[in-house]
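Hi,

Here is the structure I said I would pass on.

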2 protein chains.
Amino acid sequence: MTCNHSEEAEKSEKIEKMRHSASHVMAEAVQSLFPDVKFGIGPIIEDGFYYDFDLPRSLTPEDLPIIEAKMAEIIAQDVPFSGEEVEKEEARQIFIDQPYKLELIDEILDERMTIYRQGSFTDLCKGPHVGSTGEIKAFKLLSIAGAYWRGDEKRPMLQRIYGVAFETEEELASHLERLAEAAKRDHRRLGRELALFSFHEEAGPGLVHWHPKGAVVRRIIEHFWIEEHLKRGYEIVYTPHIAKIDLWKRSGHWELYREHLYSPMDVEGQEYLIKPMNCPAHILMYKTKLRSYRELPLRWAELGTVYRYERSGVLHGLTRVRGFTQDDAHIFCRPDQLEDEVVGVMELALFMMHTFGFEQYEVLLSTRPEKYAGTIEIWEEATQTLKMALERLELPYRVDPGEGVFYGPKIDIRLKDALGRAWQGPTTQVDFNLPQRFEVNYIGMDGVEHPVVMVHRTVLGSMERFLGCLLEHYAGAFPVWLAPVQAVVIPIADRHLDYALQVEAELKASGMRAQADARPERMNLKIRQAQLQKIPYMLVVGDKEIEGDTVSVRLRSGENLRGRSLEEFKAMAKAAIESKAP
Amino acid sequence: MTCNHSEEAEKSEKIEKMRHSASHVMAEAVQSLFPDVKFGIGPIIEDGFYYDFDLPRSLTPEDLPIIEAKMAEIIAQDVPFSGEEVEKEEARQIFIDQPYKLELIDEILDERMTIYRQGSFTDLCKGPHVGSTGEIKAFKLLSIAGAYWRGDEKRPMLQRIYGVAFETEEELASHLERLAEAAKRDHRRLGRELALFSFHEEAGPGLVHWHPKGAVVRRIIEHFWIEEHLKRGYEIVYTPHIAKIDLWKRSGHWELYREHLYSPMDVEGQEYLIKPMNCPAHILMYKTKLRSYRELPLRWAELGTVYRYERSGVLHGLTRVRGFTQDDAHIFCRPDQLEDEVVGVMELALFMMHTFGFEQYEVLLSTRPEKYAGTIEIWEEATQTLKMALERLELPYRVDPGEGVFYGPKIDIRLKDALGRAWQGPTTQVDFNLPQRFEVNYIGMDGVEHPVVMVHRTVLGSMERFLGCLLEHYAGAFPVWLAPVQAVVIPIADRHLDYALQVEAELKASGMRAQADARPERMNLKIRQAQLQKIPYMLVVGDKEIEGDTVSVRLRSGENLRGRSLEEFKAMAKAAIESKAP
């Protein structure tokens, strides 16, 4: 079911040309403002472009409209772009004052290279470009950032300007709106505002500290996840966070995954590593006894916290971290069980995604890469099995040729969030490598040993990334079942506090996460703050409510439901919680 | 309420003398059998004694009765013990053939030392001893073990014989019975037999791998623990397993606790440690904002897995490990809240102990040691507060003078298990050190900053040690609410299998951990194996049960309850689960 992309490809080629040209126009504009500018590079990126500049002074956000105005001028002049091939020596002459360009020229192996010109600006560039600057339609410069020349911390720090460009003003406007909405939903900001988690320079970057409210969400998700796994025949295990390096040498991680491993610790002259994954520990437990074909499949799940090195420069909130808790599981099965197991995993994954309100997704089947473990036959068979599973589920999917992991084919699901952005979702990976390296076998019906098929899978990915994704998806307004505080009881005046506390106690007794706001503050402030905290139910209580033994329910949507009996409210909240309604 | 121990002390002195004399008699017996023996040392230990020997051949268990017989002879001869003081040089002459003794003599600073003789045996020994060998009453040699001279792996390996001695044959017999019972309850054996956990040389010693059945017990305990903490106003948090070394330098652990820390890992030129405790991470979270006196107390609990170095020689099953999950919590409170908080912790601790069937315990209040942080006044005040809390609870306790941690006084509870053995239980520690080192403050009513009082506490200790303790306490027969498998359904013949599966499904649907034993094995074997697995309910089903829509319940005690309807059985099991009955 691979789909045809040629029309889309054409459209995207066109817009990429325009973005690339916009970056040249921006460079020209900057040059007209700073004649001494030294140019780095100016490629296109998703939705736009950037250019790196070495400038005599630091840019400020106030510079951007000035550069934009200059760009608009150049675009209005509709100057043509022209490319030509030049000899290396000629190029050196053209860029004689541009040390970064000279460095790039020296590294080009060909003796001839292309340059592009428009107006007073010339760049070392393969193209292609639009015909003339007038073809650049809607654009906007977004931000300034520091960027090391060639990403190398030992080279000079240049100034990078980011911009976006679209075919129409409408597309640009809607993109900017999405950006503004995404900024509002930025999980790092929400994490702080809702007191969900923190990072600490003192402890080290990329290490998440889950505060009580964030931990409530995690705990509920974990509990739900465990119960759902138990229902589906999984068993839970726990394994240690460190192990002798030999285990990681045997698994191949030390050789193939070194860049993500922390340095070893010494224990009585032996080297230990903090674990980057849980698989070898599960294998050791599997191997504590001979396993018969009748015992399979074994489905062992672990909320396993693993540590992987990432450069501090790429760390990002909860979505790119150095320590994270995978909702991991390993299935040890016979080859004839693989299809059923994959179907089971996919059903679980779809159920989970649905529960958390992700209705849009893309399914990818990644096949044998150039370097691979196992035989071609075993790959073909497993890939075929994965296809059969997907077809049994009537799931549309796309084949990603050669994108499997070296140890086996895999199925990935990419979620789309409320803003239509893609997130890495569930993954199901067949592994031919570890069973062989660790001799993970079962005794078949024939009485002899056969290697098991091992499946690695996560359905949420990690608790960290998943919370980040949920936060942005829900814009921080968790569904009632996940909300750290489900209801806040707000007395209108001090004399209503006793009743508020009584309501709080009743709600707590019924298992709800309720709080009376007893602070000596004004009611309006309390409501405003509860609203900012995105608490699903604000229960306002005053004389009328005390008299009628009721609560006035204010929803975070702003809707008011006055004079509900506490029983009515509890039933309403219970229904929302049990249905896991968003 | 300190109690008077003088009578007990006298009794224990007497029996210790006898045990020490028994070790000399054992040495004499060994010498008579191996004239070339070189003697190590022969001290008393709990319940008995040992002696280390350098012998021309390895001892076997068959040697023990022979040595015992020789000892009995010496005891029957009622030879007197006599001590005398000798000069160092004279001692060297006496022990001229005993290199280990000569080494000890050389290290004695005094010029004069005591030797003790009985019969043909002379030992370098401070005494005291019984008057004559006839005073040694009931004794038994238990085992042989290898032991490095002076515990040093680079010195020769000697052979150690362990023995016990008591005043009466009855006491000896009951001690041996307790030992046999303890061996049967050894959690390491039960852990293997019940497939609860494993250790792996490949991963490293002291690192627990929790298998599915052990993980069920842990998960249920953790879930119960969390719910109980939430009820009592605790909040749950999660923190990372690694942090920059600077954090541990600031906390003082790097300086004071170094021997239990693993070596640092390098991350981008910074040193990181795997965490030995959770406190600094909780403190960092506390300090993310200014805290008002109105926010306190904060009670933050974490099932935090920590790693501490222990020599491989002292590791022991689940009770002495290198990685363990503490049921940790930190309370940040004002000084005026401390008493209430301690009362709350003790109530929780007693509730937990009661739930798990520990009705006997000892409470110890440990006071200011020689080296301490903070002022004498603050210690006095906090110690007084702890006393007041204990008295409010009407808990008898013993003061352990000077046994507090350097950072504050503490209350420990020592549990007694079903065999009367003591286990380290809940601990509640006041800490004046960390709040000062990390400047953990709150804004008082007066608008200025004050240091918080910090309480560290665990009520179970760690999940690992607690499971070890529970296993030995219950002899592996977990109460129904904790049992990994609560009910096994056993068909009498193959034709009853469908019904067995139907019963299994119904029990599972009602939330029970039930399994039908569908293996093609004989019913009696299945019952025997279920019995060995200590499964609380064995439901045997055959023609009669199918006809009457019933089950025959066999309890692990051997008791049979025939012809129960499934509803009756479910109600019975449900009552046992809900009451957490042992």
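In what order do the three strands of the open sheet in chain A come? The order is E12-E14-E13, and the pairing is antiparallel. Keep in mind that this is a predicted model.

At the edges of that sheet sit strand E12 (242-244) and strand E13 (265-267) of chain A, each pairing on one side only. From one strand to the next, the twist averages 40 degrees. Strands of a sheet pair through backbone hydrogen bonds, either parallel or antiparallel. Here, E12(A) and strand E14 (residues 270-274) of chain A are joined by three bridges in the antiparallel sense.

Next, helix H7 (residues 212-231) of chain A. H7(A) has 20 residues and reaches 28 Å from its first C-alpha to its last, close to the 28 Å expected at 1.5 Å a residue. Since 15 of those 20 residues are buried, H7(A) is largely enclosed by the rest of the structure; buried here means under 20% relative accessible area. Just after H7(A), A:Gly233 takes a positive phi of about 80 degrees.

Last, the cavities. Taken together, the residues lining the largest cavity are seven nonpolar, two polar and three charged.

Cheers

Note on methods. Residues numbered from 1 in each chain as written. Chains lettered and ligands numbered in written order. Predicted model: local features only at pLDDT ≥ 70, side-chain atom pairs only at ≥ 80, totals over all residues. Heavy atoms only, no water. Pairing = 2+ DSSP bridges. Helix = DSSP H or I, 4+ residues; strand = E, 2+ residues; numbered from the N terminus. Axes fitted to C-alpha atoms, helices over the stretch in contact; angles between N-to-C directions. Nonpolar A, V, L, I, M, F, W, Y, C, P; charged D, E, K, R; others polar. Expected span 1.5 Å × (residues − 1). Buried < 20%, exposed > 50% of the residue type's maximum accessible area, 1.4 Å probe, protein only.
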